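Below are some notes for a colleague who is opening this model for the first time. Please read them with the structure in view.

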Amino acid sequence: MSDVNKVEISGRLTKDALMKHTPGGKTVTELHLAVNDEASTIFVQVDCWGDEAGEIVGELEKGRRVVIFGRLKQILTGRGTRNAKKRLIIASDYILLVEDF
């Protein structure tokens with residue numbers, strides 16, 4: 001099943017969610033997630049398209065624990081410049097808010 005592209009990742013938000021609107025009128029909410037393992041911390045960008053994050057954007061604040069269900073997506077930044085780079089991000093399908101005890 002080499003065509004399966006599913007990601008489940010949990011961590012804490014490193015900054016408050018940022019909601020943007022594209023020139024075409026679509027809504028995207030950008031999240032930045034820190035994921036810790038035994039040896040290091042991995043920083044991941046998560047894009048949430050449409051109304052998925054819009055309903056809970058006020059709860060997506062720095063330090064909040066979340067679980068993201070989505071898929072990997074490759075994007076190109078700096079297009080048309082010498083600094084063009086490919087990056088992997090997560091395109092979110094679902095966000096689960098985790099309560100701290």
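1. Contact here means heavy atoms within 4.5 Å. Leaving aside neighbours within four places in sequence, I68 is in contact with V7, E8, I9, L31, L33, V46, I90, S92, Y94 and I95.

2. This is a predicted model, in which local features need pLDDT of at least 70 and side-chain atom pairs count only at pLDDT 80 or more, while totals for chains, interfaces and linings use all residues. Residues are numbered from 1 along each chain as its sequence is written, and side-chain values use heavy atoms, without hydrogens and water.

3. The mean pLDDT of the chain (the predictor's confidence in each residue, from 0 to 100) is 89, and 96% of the residues score at least 70. Strands are DSSP runs of E, at least two residues, numbered from the N terminus.

4. A nonpolar core is a set of buried Ala, Val, Leu, Ile, Met, Phe, Trp, Tyr and Cys residues joined through side-chain atoms within 4.5 Å. The largest one holds 17 residues, of which I9, L31, L60, I68 and I95 touch the most other members. At least two residues of this core come from each of β1, β3 (27-36), β4 (41-49), β5 (65-77) and β6 (85-98).

5. Beyond four places in sequence, its contacts include A17, L18, M19 and V46.

6. T77 touches N83, A84, K85 and R87, not counting residues up to four places away in sequence. The C-alpha atoms of T77 and R87 are separated by 7.5 Å.

Methods:
Buried < 20%, exposed > 50% of the residue type's maximum accessible area, 1.4 Å probe, protein only. Helix = DSSP H or I, 4+ residues; strand = E, 2+ residues; numbered from the N terminus.
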